[in-house]
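Please view the sequence and structure first.

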Amino acid sequence: MTSAADPTGPCSPRPRLLVLRALGLGDLLAGVPALRGIRRHFPGHAVVLAAPPALTDAALATGAVDAVLAAQAPGRGVPALRHWPGAAPDVAIDLHGNGPASVDVLAELHPGRLIAYAARDSPAAALGVWERGEHERTRWCSVLGAYGIAADPEDYRLPAPQDPSPAPGAVVIHPGADAGSRRWPAHRYGAVAARLRAAGRRVVVLGGPGEEDLTLTVAEAAGLGPGEVLTGGLPFGELSALIAQASVLVSGDTGTAHLATAHATPSVTLFGPVPPRLWGPPPSERHTALWHPGPPGDPHGTEPDPLLLRIGVDEVVEAVLWHDREVAPMPRATEAGGMEAGGMEAGRSGLRRRLRAPGSAPHRGAPGTARPRTTGEVGP
């Protein structure tokens, strides 16, 4: 939203609709079904998403958003929206949270209509939607449904990315997470990577901004060279292509896992402290959710959660090898909702440079393993 000529800007000839979901990549992708429901229900409106500016490309890739209003706050806080340009939005929708803080920042703009779980006389609150313990995708569709806005929680696929993958066919290991409680130990990821390399798979390690030391630790443990380390945060188009064309993604409960779901890429996701029934992939043989049940912990804590630590290296390797051996490619989405190597001599400084080796398909000669348990939640 930059100029008067912008069809979503303050001089837009179309009514403007503002959606607040100023969270992370995983939150954005979990909200795609709700955003598409909003788009269908308000076809004549310009849909503006209040979200961190780093998510602009991802938001536009959903096909449900016309523009992004830069908005973010520390942690998972509620950002101010006083920089909304021009007249009040015709409609404002809260997909950020279930409390008064997110409602208040939208109400401050005096929208023509306010849709929120915590709004006064909210039909969603009257139905107790938040208390049902539904998956995040389903929860927000239920909130909208209470307001008469139909949204399908299964409408989460993204179009095939146009960018080339920096490592087509590789097993992608993403050891990072926003919170320490969802971050499996780096040395275990390193052990997984080493075992997969020994089984003939190409492995690359992926890291976001500030995760250079973490990815370096994993790479060193596995004997990976700088061409197999993609760290510092890839642009969304390149990240999307990397995940879409991976043989398997291995990660914790973070945004890349949701991206694998959006592209139907086989994935092995390590859960704890939050169970996969709330944030995990849909039931599918393409996705393994590793989870040892127990009392849920703090998903934003600083130390690895005890439930996460119960997951062992062997079960992760077993799941990856099963996926890489058994699962055939699925059609890629063609439109929104539609279908269709170097050595360690480079040292620590070399690994930090995000050098990329030409992509190559993984080796297939190593023997596979028995089918791991993949029906939603995997117990001990």
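Serine 122 sits in the loop that links strand S5 (113-115) to helix H5 (123-126); helices (H or I, at least four residues) and strands (E, at least two) are DSSP runs numbered from the N terminus. Its relative accessibility is 5%, so serine 122 counts as buried, a term meaning under 20% relative accessible area (1.4 Å probe, protein chains only). Contact means heavy atoms within 4.5 Å.

This is a predicted model, in which local features need pLDDT of at least 70, side-chain atom pairs count only at pLDDT 80 or more, and totals for chains, interfaces and linings use all residues. Residues are numbered from 1 along each chain as its sequence is written, and side-chain values use heavy atoms, with hydrogens and water left out.

The largest nonpolar core has 52 residues, of which Val19 and Ile93 touch the most other members. Apart from it lies another core of 30 residues, including Trp184, Leu214, Ala219 and Val317. A nonpolar core is a set of buried Ala, Val, Leu, Ile, Met, Phe, Trp, Tyr and Cys residues joined through side-chain atoms within 4.5 Å.

Helix H8 (residues 212-222) has Leu214, Thr215, Leu216, Val218, Ala219 and Ala222 buried.

The chain's average pLDDT (the predictor's confidence in each residue, from 0 to 100) is 85, and 83% of the residues score at least 70. Over residues 326-380 pLDDT stays under 50. Where pLDDT is low, the predicted coordinates should not be read in detail.

Methods. Buried means under 20% relative accessible area, exposed over 50%, partly exposed in between (1.4 Å probe, protein chains only).
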